[in-house]
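Biologist: Could we go through this model together? I would like to begin with the strands and then move to the helices.

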Amino acid sequence: MPTGTAAAAHELPVGTAAPAGAVRDADVVAPDAGGAVRDDTVAGVVRQWRAVHPDLDTAPMEIIGRINRCAALLQQAEDAPLRRAGLSRAEFDLLGALRRTGHELTPSELARETFSSGAAVTKRLKQLTERGLVERRGDTRDRRVAHVRLTDAGRGLVDGILPEQLAYERTVLAGLDGDGRGELAALLCELLGRLEGRPGVPRA
């Protein structure tokens, strides 16, 4: 369970109320598309932390907390078809990397594509191979190297799940106009670029 202040936002269930002693003039609200303000789960979390630590600047939580909360809710919904197929998110990411690149990849290349550790990729590939979703072949020049590719079953599984996930994502974003989606994508791209450029980021 995450314990950081930014992560706390997605730990609270929707509808969690602020503590009775929360200071009213410290309330945080999120503007809606029409410029009006509304409350959300993260606003309640920020109010709680401000009541406990009024000396701390909780402004970053208004952004990072909402990103974490959105990510948790989106993943929960998008993992549903994966669970029905008996896949974990990490396993589907491996299958997806093979599908979108369109060619064989070595385990080390898959680790880079999915931002995972080599040991984790090896374990997941073993499970996917046993299920007949991927197959491996040895390198003719270097027996230490393996090349991984999708089987017909693996390709069919990815192609069956991806449209369902994209349809859900289109529904989620339908409330934003084109300019809003473009602005959000640009801001998230800038933030992700900063995070990916930092050394020492752990791999799952």
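Modeller: Two strands pair if DSSP finds at least two bridges between them. Helices (H or I, at least four residues) and strands (E, at least two) are DSSP runs, numbered from the N terminus. This is a predicted model, in which local features need pLDDT of at least 70 and side-chain atom pairs count only at pLDDT 80 or more, while totals for chains, interfaces and linings use all residues. Residues are numbered from 1 along each chain as its sequence is written, and side-chain values use heavy atoms, with hydrogens and water left out.

Biologist: Which residue of S4 is the bridge partner of Gly138?

Modeller: Gly138 has Ala146 as its bridge partner in S4. Strand S3 (residues 134-138) and S4 run antiparallel and are joined by 5 bridges.

Biologist: Why is S4 described as largely enclosed?

Modeller: Strand S4 (residues 146-150) is largely enclosed by the rest of the structure because 4 of its 5 residues are buried. Buried means under 20% relative accessible area, exposed over 50%, partly exposed in between (1.4 Å probe, protein chains only). In the protein chain, 28% of the 204 residues count as buried.

Biologist: And the overall layout? How many helices and strands are there?

Modeller: The protein chain has 8 helices and 4 strands. From the N terminus on, the order is β-β-α-α-α-α-α-α-β-β-α-α.

Biologist: On to packing. At what angle do H5 and H6 pack?

Modeller: Helix H5 (residues 107-114) and helix H6 (residues 118-130) pack at about 110 degrees, with their axes 9 Å apart. Axes are lines fitted to C-alpha atoms, for helices over the stretch in contact, and angles run from 0 to 180 degrees between N-to-C directions. H5 and H6 are therefore roughly perpendicular (65 to 115 degrees) to each other. The contact (heavy atoms within 4.5 Å) involves Pro107, Leu110, Ala111 and Thr114 of H5 and Gly118, Val121 and Leu125 of H6.

Biologist: What about H4 and H6?

Modeller: The axes of helix H4 (residues 89-101) and H6 cross at roughly 80 degrees and come within 10 Å. Residues making this contact include Leu94 and Leu95 of H4 and Val121 and Leu125 of H6.

Biologist: Lastly, what is the mean pLDDT of the protein chain?

Modeller: The mean pLDDT (the predictor's confidence in each residue, from 0 to 100) is 83, and 78% of the residues reach 70 or more. Over residues 1-28 the pLDDT is below 50, although this stretch has 49 contacts in the model beyond near neighbours in sequence. Where pLDDT is low, the predicted coordinates should not be read in detail.

Methods:
Angles under 35 degrees count as roughly parallel, over 145 as roughly antiparallel, 65 to 115 as roughly perpendicular and the rest as oblique.
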